[in-house]
Amino acid sequence: MQFHHHGYVSGDPRVQPAAGTGIDRPDDLPDEVDVLIVGSGPAGMLLAAQLSQYPTLTTRIIERREGRLVLGQADGIQPRSVETFQAFGFAERIVAEAYNIAYMNFWGPDPEHPENIVRTSRTDDYALKISEFPHLIVNQARVLDYFAESAAHGPARIAPDYGVEFTGLEIDDDGVDVRVSYVGGRRDGEERTIRAKYVAGCDGARSRVRDAIGRTHVGDISAHAWGVMDVVVNTDFPDWRTKCAINSSAGNILHIPREGGYLSRIYVDLGEVADDDDHRVRQTPIDEIIRRAGEILHPYTLDVKEVAWHSVYEVGHRVTDGFDDVTPDGEGRPRVFLTGDACHTHSAKAGQGMNVSMQDGFNLGWKLGSVLTGRAPEALLATYAAERRPVAQELIDFDREWSSLMARKPGEISDPQELATYYLATAEFPSGFMTRYGPSRIVGDDAHQDLASGFPIGKRFKSSPVVRVSDGNAVHLGHHAKADGRWRVYAFADVDGAALTAWAQRVEPSLRRFTPADADVDAVFDVKAIYQPRFEEVDISTVPEVFLPRTGPLGLTDWEKVFAAAPSTWTPTDIFEERGLSRDGVVIVVRPDQYVAAVLPLDASDEFSAFLEGAFLPAR
């Protein structure tokens, strides 16, 4: 972690110096803002944390609640989300307090005594097979706390305005008039209008922002209900601290141990819902949910000591017909955006809701920041809906199949291993690693994909260990990238480094063209070099200046942008082999949200410059 580039720091280095709108930030909502975020859920809080890195902008986040979320309903954290937490600086801390899913066990009826259940398989969880990040369970409220800390410690010092309710909006060519009212406190009932350039609707499944722009959820509710409860129990069920899918003659359970020990979340199958039920199943009392859970676990016993939270829901699969306010015929510029449950709802059992919502916020945040600071053309904002709506549809399709498999009766299952097989075979999707964005102004074509087969264009940058040349330490290349709104350019050298040196000389004018003259030379592009030899064989004094920039008010050299790929004492891997990289060298351009934007050979400096022309505006 680097933090002395502006001079000596003796305090917490995670607290960045306040700047711009973060200096003397007013307590009350201003009359005019650049971005108004409605709702402080996962998408909203990540969006606030990202925009806190843009202190020249005025960003506010309003929330109807009077304070922080105390009890979150979402709890599953997929590896891609932990990778995102790494970029925001709190992965290690949240992993330490979370429950790590190491295995998922599957139970079914005992063939000899079908009224009882037996373990049918024990499977390793998929996370660490496809990522260096784990699959976690942690309270949604804690995730929001960490993003709130990141937002508050960023230069813009963003914090939620609690007790403020969104009531409506009107859009014109230049912005949005947002009506809000104060809920509770000394200003209870007071109404105001806030002028915003852009609005992000992060206000959940019953989104008022969605209604205000005339968008609707498309989909249906299946005729199946589940009870869910967070409980502290005593039980003789042997897998109580292991994630389990349980199928029995009495119904189904998805059992998920929770963080802190003792606590568990149980999804309990309540069966088919009659056509004329009219949602009465939602009134199922907690005692009935507990009773059914006990029946399903037979012959094991369940003694519930405390219920921290419970609910009943009918499985629904819906995607909003649009993720922004652009008309169906494509006219107009997007001013209002929908994220998270406001634009996609589904069952909770696949552990996707919070995870996909956070990626909505990550996708949108740097785009808003780039446009409002003049780095990128306004047309960039149209890529939010174009990229995220297909992801939401894929999520709905996956969840529909997973939910159907989870709800089957024993007589409908011909292969007891089918659910376990499906769980492992589809691992890349729930992990968050299947997302692949199509060609656009910020995603290039695949003409040179063969130069880097392990970095598919449009997919997230999959990190790998390298050795830092300046000190010989083994580090994960991708973990050095923070959620600071910068693009990453990874330049992998040819065998002797001559082509890399020539590339650096040719592209430096293009990099400077899109970087403000009064900003650090790496303020927009974080350019790194990865040489093929062992680190001690790389003469850092001969490395081009673009990889050793002098930054900050003191003009200090950044020594942490030069790496070596060859195995050393501390890392047995070679990233060129691990990621199928050409030994002739290759350049990987990565967006601020960690997705690969372009793969280019070292001699394609014109193509590199042309890509930047489409994604950026010349610096003012």
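Q: How many salt bridges does the structure hold?
A: The predicted model holds 54 salt bridges.

Q: What does aspartate 526 form a salt bridge with?
A: Aspartate 526 forms one with arginine 488, and the closest N and O atoms of the two are 3.1 Å apart. Aspartate 526 belongs to strand E22 (residues 525-531) and arginine 488 to strand E21 (residues 487-492), so the pair ties together parts that are 38 residues apart in sequence.

Q: Are those two buried or exposed?
A: Both aspartate 526 and arginine 488 are buried.

Q: And which residues are linked with them in a network?
A: The network of salt bridges links Asp484, Arg486, Arg488, Asp522, Asp526, Lys528, Asp558 and Lys561.

Q: Where do arginine 292 and glutamate 288 lie?
A: Both are in helix H7 (residues 286-296), four residues apart, which is about one turn of the helix, and they form a salt bridge whose closest N and O atoms are 2.9 Å apart. Arginine 292 counts as partly exposed because its relative accessibility is 26%, which falls between the 20% and 50% cut-offs.

Q: Switching topic, which residues form the negative surface patch?
A: Asp445, Asp446, Asp603, Asp606 and Glu607 form that patch; glutamate 607 is found in helix H14 (residues 605-615) and, at 38% relative accessibility, counts as partly exposed.

Q: Last one: what is the order of the open sheet of three strands?
A: The order is E3-E7-E4, with antiparallel pairing, and strand E3 (76-77) and strand E4 (99-100) are the edge strands, each pairing on one side only. E3 pairs with strand E7 (residues 136-137) over two bridges, and glycine 76 stands opposite isoleucine 137 in E7.

How values were computed
Residues are numbered from 1 along each chain as its sequence is written. This is a predicted model: local features need pLDDT of at least 70, side-chain atom pairs count only at pLDDT 80 or more; totals for chains, interfaces and linings use all residues. Side-chain values use heavy atoms; hydrogens and water are left out. Patches are made of residues with over 30% relative accessible area and no salt bridge: like charges are joined within 9 Å, nonpolar side chains (Val, Leu, Ile, Met, Phe, Trp, Tyr) within 5 Å. Accessible areas come from the Shrake-Rupley method with a 1.4 Å probe; for residues, only the protein chains shown count as cover. A salt bridge is a side-chain nitrogen of Lys or Arg within 4 Å of a carboxyl oxygen of Asp or Glu. Lys and Arg count as positive and Asp and Glu as negative; His and the chain ends are not counted. The place of a charge is taken as NZ of Lys, CZ of Arg, CG of Asp or CD of Glu. Buried means under 20% relative accessible area, exposed over 50%, partly exposed in between (1.4 Å probe, protein chains only). Two strands pair if DSSP finds at least two bridges between them.
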